[in-house]
Amino acid sequence: MTKRLVLLALPLLACLCCVAGTVGAIAPINHSGWYGYSPDYGPGDGEPPEGGNCDNAGVAYPDNPFGGWPVDYEPEWGLVTFYYCNIYPDGSPHWGVDLAVPEGSTILATTDRAIVRQVVCPDNEYDCWNYGMGRYVQIEAQIRVDDYDACVESHAGDTEADDCWINSGWLATYMHLESATVSDSQIVHRGEALGFTGNSGNSNGAHLHYQLNSPAVGAVDPAPSMFGE
Ligand SMILES: [Zn+2]
C-alpha cells in the first residue's frame with residue numbers, strides 16, 4: 001500500500017535504466033569516449049539475470065534469504081524512481097527496483113552470507129554498456145545446512161566452515177555501478193561493501209538497479225524485503 005501511494009506522489013522521472021530480462025529491447029545510446037569497446041557488450045560481459053512475472057509484484061517469499069536496504073543511504077521509498085513491473089516506454093516490464101542515490105554510494109550485501117557469482121566489467125577503469133545493464137555485481141545467497149549447529153561443532157566451532165553453508169540459488173544483482181570492490185567467488189556477509197553506485201549502461205542519472213531472482217520463479221519484487229532487516 002505504501003508503495004502505491006509513493007508511486008502516485010512521485011513525478012514521472014522516466015528513468016530509463018537497465019534492460020534486465022529484456023536483452024536487446026532498447027536501442028544503444030551513442031556514448032562518446034567509449035574506450036574502444038562495443039556499445040552492446042563490455043569487458044567481462046555476463047549472463048543477464050532472468051525476467052519474472054508481474055503477477056508476483058508485491059509478493060513476499062518466505063524462502064527469500066535477502067532482506068534490507070541494498071545501499072548505504074538512508075532507507076526511503078521516495079528514492080525509488082522505478083518499481084518492479086513498472087513498464088518501459090517500449091512496453092517491457094522492469095524486473096528490479098531503482099533507487100536514485102548519489103554516485104559513489106556504497107552498495108551492500110543483503111544476506112547473511114553469499115558468494116560473488118559475477119562481476120561484469122570488473123575493470124573499473126573503463127566505461128561499461130553491457131546491454132544497458134552497465135557494470136554489475138551479482139551474488140548468490142548461501143544458507144545454513146539443516147544440521148548447521150552440529151556441522152559447526154564438527155568444525156571446531158567454525159561458524160564459517162564452507163561445509164556448513166549451501167548455495168540457495170537466490171541471486172541479488174546490483175547494476176549501473178561506478179566500480180566494483182569484490183571479485184568472482186569471493187564470500188561476503190551482510191552489510192559488507194560490494195562496490196559503488198554510478199551511471200554506467202543505459203542510465204540517465206546515478207542510480208542503483210537492485211534485482212532479486214528466485215531459483216523457482218525468476219525475478220521477484222525486491223520491495224517487500226527491503227525494509228525490516
Ligand atoms: Zn532498473
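Me: Where does Asn 64 lie?

Reply: In this predicted model, Asn 64 lies in the loop between α1 and β1.

Me: Why is Asn 64 called buried?

Reply: The relative accessible area of Asn 64 is 14%. A residue counts as buried under 20%, so Asn 64 is buried.

Me: Which residues does Asn 64 contact, leaving aside its neighbours within four places in sequence?

Reply: Asn 64 is in contact with Trp 170, Leu 212 and Ser 225, once those neighbours are set aside.

Me: How many disulfides does a search of the whole structure find?

Reply: The search finds three disulfides. With bonded cysteines counted along the chain, they follow the pattern 1-2, 3-4, 5-6.

Me: What makes the link between Cys 54 and Cys 85 a disulfide?

Reply: The S to S distance of Cys 54 and Cys 85 is 2.0 Å. A disulfide requires cysteine sulfur atoms within 2.5 Å, and a disulfide therefore joins Cys 54 to Cys 85. Cys 54 lies in the loop between α1 and β1, and Cys 85 in the loop between β1 and β2, so the pair ties together parts that are 31 residues apart in sequence. With -95° about the S-S bond, this link is left-handed.

Me: Why is Cys 54 called partly exposed, and what is Cys 85 called?

Reply: The relative accessibility of Cys 54 is 31%. Partly exposed stands between buried, under 20%, and exposed, over 50%, so Cys 54 counts as partly exposed. The relative accessible area of Cys 85 is 13%; the cut-off for buried is under 20%, and Cys 85 is therefore buried.

Me: How do you know that Cys 121 and Cys 128 form a disulfide?

Reply: Their sulfur atoms are 1.9 Å apart. The cut-off is within 2.5 Å, and Cys 121 and Cys 128 therefore form a disulfide. The torsion about their S-S bond is about 55°, so this disulfide is right-handed. Both Cys 121 and Cys 128 are buried.

Me: Why is the disulfide of Cys 151 and Cys 164 called left-handed?

Reply: The torsion about the S-S bond of Cys 151 and Cys 164 is about -90°, so the disulfide is left-handed. Cys 151 lies in helix α2 and Cys 164 in the loop between α2 and β6, so the pair ties together parts that are 13 residues apart in sequence. The sulfur atoms of Cys 151 and Cys 164 are 2.0 Å apart.

Me: What makes Cys 151 and Cys 164 count as buried?

Reply: The relative accessibility of Cys 151 is 10%, and the relative accessible area of Cys 164 is 0%. Buried means under 20%, so Cys 151 counts as buried and Cys 164 is buried.

Me: Is Asp 147 buried, partly exposed or exposed, and why?

Reply: Asp 147 has a relative accessible area of 48%. Exposed begins over 50% and buried lies under 20%, so Asp 147 is partly exposed. Asp 147 lies in the loop between β5 and α2. Asp 147 and Cys 164 are 17 residues apart in sequence and 8.1 Å apart in space, C-alpha to C-alpha.

Me: What makes the pairing of the side chains of Gln 142 and Arg 113 a polar contact?

Reply: The distance in this pairing is 2.7 Å. A polar contact needs N or O atoms within 3.5 Å, one able to donate a hydrogen and the other to accept it. The side chain of Gln 142 also makes a polar contact with the side chain of Asn 167, at 2.8 Å. Gln 142 lies in strand β5, and Gln 142 is buried, with a relative accessible area of 8%.

Notes:
Residues are numbered from 1 along each chain as its sequence is written. This is a predicted model: local features need pLDDT of at least 70, side-chain atom pairs count only at pLDDT 80 or more; totals for chains, interfaces and linings use all residues. Side-chain values use heavy atoms; hydrogens and water are left out. Helices (H or I, at least four residues) and strands (E, at least two) are DSSP runs, numbered from the N terminus. Buried means under 20% relative accessible area, exposed over 50%, partly exposed in between (1.4 Å probe, protein chains only). Contact means heavy atoms within 4.5 Å.
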